[in-house]
Amino acid sequence: MMTGMDVEARRAVVVALLGLGGSGAYQDRADAGRALASFAEMPESAQPLRRLLLDADDTFVTLVTADALLRRKDLAGLALVAGALADADDNHADWIFTAVRDVYMIYASERDAAVRMCDALLEDPDPGIRQGAARLSGTLAAINPVLYPVASSGD
């Protein structure tokens with residue numbers, strides 16, 4: 001349960017974003033994907049986010065939606081990306097993996113945390129999420145981030 005949040009207002013926003021996500025204009029769908037990612041923990045956003053991740057008409061929508069979900073750096077966002085990845089064709093998978101590299105190429109600690117979340121998703125009851133998490137984990141492990149933690153000298 002989301003405590004301290006206005007659940008009804010959040011639902012109203014999700015409903016509005018669902019309408020935008022069904023637009024014929026790819027820019028509207030991309031904006032809906034970016035914004036709807038903020039509500040990824042809400043069950044009513046899962047299927048629309050999946051549709052946007054696998055957008056049939058424009059992979060720009062795929063890229064920005066995946067990027068926004070991954071930038072949450074939480075299990076909800078990663079699980080949605082993993083689930084979509086299980087059904088993605090090669091073209092959509094390439095764009096999802098581009099988002100993965102964009103999000104996790106800077107900090108090793110963030111990449112490592114994502115790998116740990118993927119490990120947890122390997123136990124998910126949904127076989128699609130498990131399959132996608134395995135693919136994500138492999139891609140994350142292949143990333144050589146720019147910044148690694150500096151060992152403390154004990155000072």
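I count a contact as heavy atoms within 4.5 Å. With that in hand, I looked up Val100: leaving aside neighbours within four places in sequence, Val100 is in contact with Leu70, Leu136, Thr139, Leu140 and Ile143.

**Ground rules.** I am reading a predicted model, where local features need pLDDT of at least 70, side-chain atom pairs count only at pLDDT 80 or more, and totals for chains, interfaces and linings use all residues. Residues are numbered from 1 along each chain as its sequence is written, and side-chain values use heavy atoms, with hydrogens and water left out.

**Overall fold.** I found eight helices and zero strands in the protein chain; helices (H or I, at least four residues) and strands (E, at least two) are DSSP runs, numbered from the N terminus. The radius of gyration is 16 Å, close to the 15 Å that the globule rule gives for 155 residues, so the chain is as compact as a globular protein of that length. That radius is taken over C-alpha atoms, and the rule is 2.2 Å times the number of residues to the power 0.38. I also noted that the C-alpha trace spans about 55 × 40 × 30 Å along its principal axes.

**Inside.** I looked up burial next: 45% of the 155 residues count as buried (buried means under 20% relative accessible area, exposed over 50%, partly exposed in between, with a 1.4 Å probe and protein chains only). Which residues have the most contacts inside the largest nonpolar core? They are Leu69, Leu70, Leu78, Val100, Tyr104, Leu136 and Leu140, in a core of 44 residues. The elements giving two or more residues to this core are α1 (7-21), α2 (26-36), α3 (43-53), α4, α5, α6, α7 and α8 (127-142). A nonpolar core here is a set of buried Ala, Val, Leu, Ile, Met, Phe, Trp, Tyr and Cys residues joined through side-chain atoms within 4.5 Å. In soluble globular proteins, nonpolar side chains tend to be buried together.

Not counting residues up to four places away in sequence, Thr65 touches Gly33, Leu49, Leu52 and Leu53. Then I turned to Ala79 in helix α5 (residues 75-87), which counts as buried at 17% relative accessibility.

**Salt bridges.** I found 11 of them; each is a side-chain nitrogen of Lys or Arg within 4 Å of a carboxyl oxygen of Asp or Glu. One of them joins Asp31 and Arg34 (2.7 Å, N to O), and both residues lie in helix α2, three residues apart, about one turn of the helix. Arg71 and Asp67 meet in another (2.9 Å, N to O); being four residues apart in helix α4, they are separated by about one helical turn. Arg72 pairs with Asp74 (2.7 Å, N to O), and I see Arg10, Glu41, Arg72 and Asp74 linked in a network of salt bridges.

Lys73 sits in the loop between α4 and α5. I noted its positive phi of about 55°, although Lys73 is not a glycine. At 29% relative accessibility, Lys73 counts as partly exposed.
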